[in-house]
Amino acid sequence: MKLWTSIAAAAALTLVSLSALAAEYTAGDLTISGPWTRATPPKARAGGGFIEIVNNGSEDDRLIAAASDVAGKVELHEMAVTDGVMTMREMEAGIDIPAGETVALQPGGLHIMFMGLNQAFEEGTKVPVVLTFEKAGDVAIELDVAAMGAKSMGAGHAGHGKMKHGKN
């Protein structure tokens, strides 16, 4: 009986842990899920934030801004590699969230850029962010902080490479 009790307790703990990673927020017709960032070294000046946005509505929307007290400046960015050269640019007009589509902000692509960090992002903590959408308005979220160098928050984000990305 002790073995089954231990197995049941471990399974319950795993489910609780996974549900904690599966944060989901809504704003109008939008669902924001999987918010995360990476831990940063103590003197780092910048960090990236990643989320998935599903537009369940019949009208396009646009992520036009992000804000947080953790950094001097927060911008929406795109990273791309062209002819072997990595470039990063601010998405000044925002990021389109087409009706009926999913847009993933992920490492190596679209992302939230924190510049002038006030403190390091520590693994296991949360980073508060307010996202502003053109139609859905403001939504406060928290990014879970993963390990330094993490490629994703966990197994639940492994399929992001298959997501459609909005054009700008």
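**Exercise 1.** Classify Lys126 in this predicted model as buried, partly exposed or exposed.

*Solution.* Step 1: the relative accessible area of Lys126 is 43%. Step 2: buried requires a value under 20%, exposed a value over 50%, and partly exposed covers the range in between. Step 3: Lys126 is therefore partly exposed.

**Exercise 2.** Identify the salt-bridge partner of Lys126, and explain which parts of the chain the pair ties together.

*Solution.* Step 1: the side chain of Lys126 meets that of Asp144 in a salt bridge, with an N to O distance of 2.4 Å. Step 2: Lys126 belongs to strand β10 (residues 126-133), while Asp144 belongs to strand β11 (residues 137-146), so the pair ties together parts that are 18 residues apart in sequence. Step 3: Asp144 has a relative accessible area of 6% and is buried, whereas Lys126 is partly exposed.

**Exercise 3.** Determine whether each residue of the salt bridge between Glu75 and Lys73 is buried, partly exposed or exposed.

*Solution.* Step 1: the side chains of Glu75 and Lys73 form a salt bridge at 3.2 Å, N to O. Step 2: Glu75 has a relative accessibility of 10% and therefore counts as buried. Step 3: the relative accessible area of Lys73 is 47%, so Lys73 is partly exposed.

**Exercise 4.** State how many salt bridges the structure holds, and describe the one formed by Asp96.

*Solution.* Step 1: there are five salt bridges in the structure. Step 2: in one of them, Asp96 pairs with Arg62, and their closest N and O atoms are 2.8 Å apart. Step 3: because Asp96 lies in strand β7 (residues 95-97) and Arg62 in strand β4 (residues 61-67), this pair ties together parts that are 34 residues apart in sequence.

Methods. Residues numbered from 1 in each chain as written. Predicted model: local features only at pLDDT ≥ 70, side-chain atom pairs only at ≥ 80, totals over all residues. Heavy atoms only, no water. Salt bridge = Lys/Arg side-chain N within 4 Å of Asp/Glu carboxyl O. Helix = DSSP H or I, 4+ residues; strand = E, 2+ residues; numbered from the N terminus. Buried < 20%, exposed > 50% of the residue type's maximum accessible area, 1.4 Å probe, protein only.
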